[in-house]
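Thank you all for coming; I would like to take a few minutes to walk through a structure chain by chain and sheet by sheet.

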Amino acid sequence: MTAFAQRVRYRPRRLPAIVPIGIVVVAGAVLAGHGFASPRNIGNLGLQASVLLMLSMPMTLIIMSEGLDLSAGAVLSLCSVAMGLSLAAGHGIGVALAVSLAAGLAFGVTNGALVSLFGLPPFVVTLGTLGIAEGCALVLTDGNAVSGLGAGISTLYASHYAGVPFPVAVALATWLVTHVLLYHTRFGNYVFAIGGNRDALVLAGVPAWAWHIAIYAYGGLVSGVAALLLTGRMNAAHPTVAIGMEFDAIAAVVLGGTSFERGDGRLAGSVLGVATITVLRNALDLLGVESSLQVVAIGVLIMAVIVIDSAHSTWRAGPA
Amino acid sequence: MTVVDSPADATAADAPLLSLVGISKTFPGVRALEGVSLDLYGGEVHMLLGENGAGKSSLVKVLYGAYRADAGTILHAGRPVEIHRPADARRLGIAVIFQEFSLVPFLDLAQNIYLGREPCRRVTRLIDHARMHRDARTLLDALGLDYDTRALPVHLGVAQQQMVEIAKALSQRARILVMDEPTAALSDREADALFAVIRQLRADGVAIAYISHRMQEVLDLGDRVTVLRDGRRVATMPRAEASADALIRMMVGRPVGAVYQRRGYAEPGVPVLEVRGLRTATGVNGVDLSVRAGEIVGLSGLVGAGRTEVARAVFGADPIEAGDVRVFGAPARGDPARMAARGVALIPENRKQQGLALARSTQDNLLAASLWKLFPRGRYRTRQARARARDLIERLRIVPAQPRRLVRLLSGGNQQKVVIGKWLSADCRLFIFDEPTRGIDVGAKSDIYALIEDLVMRGAAVLLISSELSEIVNVCDRAYVMRGGRVAGELPRARLSEENILRLAMHEA
């Protein structure tokens, strides 16, 4: 029997290390007590996790495409400022959301175009747009928080849908939309292909450059929506509110088992990564651990997961 | 010149499915294709033959829209068509299977087969996974392949990935299938099974253009054969009129001395490199060779014959499984650093990645391998370093003659000179060159050859790995030809010709 006539069986993929580690972290937090499992704290967790979850969804796609978006936090801050300014100018929430989406989209398309059309390294491109977005937000606000937005947005933030708080509902909707995009549309297949073998996509006659831009554009749009949550929570828009949040998002994606190479990634892994980071932060807060040490803990967690995942690397030269 | 424009196979359709007429393509400094015409008929396997740089890959690239021809027309079923993009080729039913596979590692087989043509539900535009897997199943079954359509390409061997590529081409209902050395990575038995599939496709009326370097397969499988040389079509003939000898004679044909004229041949000295029964896990399967001081020994063969692997094993970059390698009379079992310290230089094929620090100056690169020799106490002396660099620049005729010039800004030929200078400065006495003139323009080539000859005149020994037959024939004292991980034969100077090299490299028997 020749080699290619041999049967090839489907082999389910190994679970990423975040699954057991996430369970350990959550169990540890529950057992540590200090009111972690109280309904009130669980509610808080949902609110804390929602913006991070939104950022990490497009970040998963971006990293799968062998990219990176360092500008996500700064763009989100700018979106929030744009939203705040138009609310303060007396516009309704619809207009404010449109303005925010436009700002996010502009930065997303810029990132994507520079990466896709000019072949510039995503790290450098998004470091640049990070600076631009942050600068724009500061210039637009003179460095001060925008307030006087009216009651509309904070009412929206406090609203519930079938018992689910608004921010959690929006975050879950983002997950659902991203899941459908990644696993049930052509766009999703092309995300895997751009990261795994871009030439194959081009040879298949697909305009890979456009889809590559679309990945970053999607990130910008999600930032535009997430600005609703940030602005609503404080009923104000602060120009540096989300600076640095991209690092937690990148950490969540990496924890979830998404690789910077070959277009390997899992959306559910990123959700687990978000949950783990949020729970860890929250539990350490309750235990009175200072925030600088929390960052160390997250760093240790990432290293542990990466070491375990790479030790189990599934890629082998031939059939195993 | 034999040019036959009707198919040899009587069952083939009357009009060609695809005709290339007078296709030309020029790059700065290179005429890749010059007025090449080619007819592809349904139900024929059309073999494309030619040595490296003959224009086969360029022709394929024109066919699927990666290159746009400067001149010439493409006729599809008799009507002129433009192929500007891969998508155009695909619409015309042209599919290409490349040597490097175009599978996406983390999409399953069904997703890979239908990449870019995923069946979508009507209203929602969501992918119809059920239908996609069903269609993929049908397709694989038709090829007799029992692969789970949910498996990932990582779970497949090379031959199996090749079959998925074929399935992918068939799923496009390709009527014109171009295969670029499909058996290069296959074992003999796998190749036989592939041939069975190809014969089936031919019986189904598909036109197959098949690039090969293996004479046996050209003669076994081909209905017609076209030979290309230096971007031109030399001949197209039916299989019945082709013989291995005649085809090889058509592939070669440059006069000796046209590329480089040796100044002289020295009497070889003591053996510097002796290899006996070398085997490696990387595919070297019993190699014997020797290089003596004062001689340039060629190591020829087709791509994939195991030449680079021999060089890497000798240099200690890959482990040796069996055999005896002696360098300067002593056994060579060591890592590259130890081999370099003993006076062995490997000048790798990919100089930009493996041989140069592109962001550093000419001087820094020239001295990179000899810093400890120059400054044994570890203290860098600028003036001394500058003087040494100037010496080397002059001796190697590096242009521009500026030690502080960034290597990145030099031409390919001058970059190669810097790599050579780096090892020259380290007093190496055995030089292994792997494709030293790839991507270098003609003028700089003869400079490189002159440098290599200088090396042996000073008593060094050179092993020259090259796919360019003319390079081996014009530059070397003698040559070994490899095929399938072994030395297929040795050619002394009297018998060193392009034709003899090809005969050894291509004959399967």
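Axes, in turn, are lines fitted to C-alpha atoms, for helices over the stretch in contact, and angles run from 0 to 180 degrees between N-to-C directions. What you are looking at is a predicted model, in which local features need pLDDT of at least 70 and side-chain atom pairs count only at pLDDT 80 or more, while totals for chains, interfaces and linings use all residues. Residues are numbered from 1 along each chain as its sequence is written, and chains are lettered from A and ligands numbered from 1 in the order in which they are written. Helices (H or I, at least four residues) and strands (E, at least two) are DSSP runs, numbered from the N terminus.

With that in place, helix α1 (residues 56–64) of chain B lies across β1 and β2 of chain B, and runs at about 65 degrees to β2(B). Those strands belong to an open sheet of 4 strands in chain B, ordered β2-β1-β4-β5 with antiparallel pairing, where two strands pair if DSSP finds at least two bridges between them. At the edges are β2 (30–40) and β5 (79–81) of chain B, each of which pairs on one side only, and the twist averages 30 degrees from one strand to the next. Between β1 (residues 18–27) and β2 of chain B there are 7 bridges, the two strands running antiparallel, and B:Leu18 stands opposite B:Leu40 in β2(B).

The other sheet I want to show in chain B is an open one of 6 strands, in the order β16-β17-β18-β13-β19-β20, with mixed pairing. Its edge strands are β16 (344–347) and β20 (486–491) of chain B.

Turning to chain A, helix α3 (residues 72–88) has 17 residues, of which 15 are buried. Further along, α11 (residues 267–286) and α12 (residues 291–311) of chain A pack at an angle of about 145 degrees, with their axes 10 Å apart. Among the residues that meet there are A:Ile277 and A:Leu280 in α11(A) and A:Ala297 and A:Ile298 in α12(A).

Finally, the two chains touch: 33 residues of chain A are in contact with 34 residues of chain B. On the chain A side the largest share, 11 residues, comes from helix α8 (residues 186–203) of chain A.

How values were computed
The expected span of a helix is 1.5 Å times one less than its number of residues. A residue is buried if 20 or more other C-beta atoms lie within 10 Å of its own, exposed if 12 or fewer, and partly exposed in between; C-beta atoms are placed from the backbone. Two residues are in contact if their C-beta atoms, placed from the backbone, lie within 7 Å.
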